Amino acid sequence: MGAVEKQRAEVAAPAAWDYAPAPESREIVSFERRYGLFIGGEQVTPRSRSWFTTISPSTEEPLAEVARGGQKDVALAVDAAREAFRTWSRRKPSERAKVLFRIARILQERARELAVAESLDGGKPIKESRDVDLPLAAAHFFYYAGWADKLEYAFPGRRPRPLGVAAQIVPWNFPLLMLAWKIAPALACGNTVVLKPAETTPLTAMLFADVCRQAEVPPGVVNIVTGDGSTGAYLVREKGIDKVAFTGSTEVGKAIQRELAGRDVSLTLELGGKAANIVFDDCALDQAVEGIVNGIYFNQGHVCCAGSRLLVQESIHDQLVRKLKRRMSTLRVGDPLDKNTDVGAINSNAQLERIAELVQSGVDEGAELYQPPCRLPEKGWWFPPTVFTNVAQSYRVAQEEIFGPVLSVLTFRTPDEAVEKANNTPYGLSAGVWTEKGSRILSLAQRLRAGVIWANTYNRFDPASPFGGYKESGFGREGGLHGLGPYLEFE
Ligand code: NDP
């Protein structure tokens, strides 16, 4: 018997391999049992004496108790921000920059812990929180740290001045990244902030409070008031604010706009979307399929700029749909902390119900539904990757923001028809164009009514690039040089 064969006979094959724990495992993050509000640089007990439990949407495990800020709490936070504004706004800009650089570096140092916390509290796959949310959040602080002492160059001859206290309300789809989009430019310009995280995803904001402590952010410059929609409404109504920056649903955005009418408070709104991802017959088809999948299934489709309407040139419709379905069948749905997971948990039961209701409407109206076979975990909230073909423009799945992993496919024959259909929505946040012809990209980019247009790619973000919408997708820009303007006034 040869040596190799002899060894085989003596050593039993292991039934399972023992792996070392993943670098991004549950153990690397520990939450406090109960969080207070972050006001004036300290965690304080809410005056409301009210708390709620935040849970993991993938396991329904309770993670921590979080304060529900009431009207008095919001008023205290705004007072703390106003008090801190007096010194922060006069601080040497290069000193403000140092604080922002420190935050950016600490976010990098604590990236693993924060990525795990984000995936636990929000349900998104770890490969997204690790490779997208965290690096981009740190990049935003680095980027705006660089602007802090160069505002005179950003707006030559206009003598920019900070506005005062910024009330900032963020949604649950990118909790820490949206926090960074809001806080970094506000602080760089010399404002102070009161941030209200979403009810279902408050934990990374509470960890960020600790980052502020580590970075020696002066007390009151950043205040975080957790709670529900009513906490957000109190914040908007509070007299002492000078600016509101809101990201969320169009409905709440409109309510905020009504509330601020007639008040001297500046406003930026980043609202919903129903983006067209337009695929021409001359594109690199396999590359387009990857872009389509990324466009709609990234973050379970909980993305305001998701490419949720696929417009395909009629001549390649059948081939593209075949390729797309094959690719969809390789998507792994499940445990957000498994680095192989492509589609994580739906953020909340309420959102799952909303997705299910809209999908049912698509079936009822006559669209053809396809979902690849996949086994969903028993606990938690899940929805399989879904595509609708045979969709008419009037169907609700082609009109309304689903905010879930659901794609609607429509067809077109000419570029004019593609533009017409793409613009046939109350929204105007983003769009994608897939074609080999540069001239066609430029021509479409001029005619599409969307704030961001990606060509032969999708869902690319960079702190230097402005982001924002037209029509019911809101107004004002975040990111880049444009993102400084809404936090400044000029002489
Ligand atoms: P909301 O617009 O209600 O939530 C966004 C933020 O606003 C949250 O922090 C929320 O707090 C807060 N808020 C809620 N009501 C008020 C109010 N009256 N005044 C001030 N702030 C308020 O979105 P939902 O979470 O209800 O999601 C509903 C739909 O909105 C989704 O299905 C999706 O279509 C869309 N959406 C779009 C987003 C985008 O980025 N464009 C992001 C999120 C949702 P709290 O979470 O505590 O209620």
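Which elements make a right-handed β-α-β unit with helix α11? They are strands β12 and β13, with α11 covering residues 285–297. Right-handed here means that, with the strands pointing away from the viewer, the path from the first strand over the helix to the second runs clockwise. Helices (H or I, at least four residues) and strands (E, at least two) are DSSP runs, numbered from the N terminus.

Before going on, a word on the source. This is a predicted model, in which local features need pLDDT of at least 70 and side-chain atom pairs count only at pLDDT 80 or more, while totals for chains, interfaces and linings use all residues. Residues are numbered from 1 along each chain as its sequence is written, and side-chain values use heavy atoms, with hydrogens and water left out.

Overall, the protein has 16 helices and 20 strands. Its radius of gyration, taken over C-alpha atoms, is 24 Å, close to the 23 Å from the globule rule (2.2 Å times the number of residues to the power 0.38) for 491 residues, so the protein is as compact as a globular protein of that length. Of the 491 residues, 56% are buried, that is, under 20% relative accessible area with a 1.4 Å probe and protein chains only; exposed is over 50%, and partly exposed lies in between.

Back to β13, residues 309–313. Five of its five residues are buried. Arg309, Leu311 and Gln313 point one way, and Leu310 and Val312 point the other. Strands pair if DSSP finds at least two bridges between them. β13 pairs in the parallel sense with β12 (residues 276–279) over four bridges, and Leu310 is the bridge partner of Asn277. β13 also pairs in the parallel sense with β16 (residues 406–412), over five bridges; there Leu311 stands opposite Leu410.

Next, the interior. A nonpolar core is a set of buried Ala, Val, Leu, Ile, Met, Phe, Trp, Tyr and Cys residues joined through side-chain atoms within 4.5 Å. The largest has 109 residues, and Phe208 and Val222 are among those with the most contacts inside it. Helix α7 (residues 175–188) gives the most to this core, 11 residues. Apart from this core lies another, of 30 residues, including Leu311. Beyond its neighbours within four places in sequence, Val222 is in contact (heavy atoms within 4.5 Å) with residues including Phe208 and Cys212.

Last, cysteines. The whole structure has zero disulfides.

Conventions: Disulfide = S-S within 2.5 Å.
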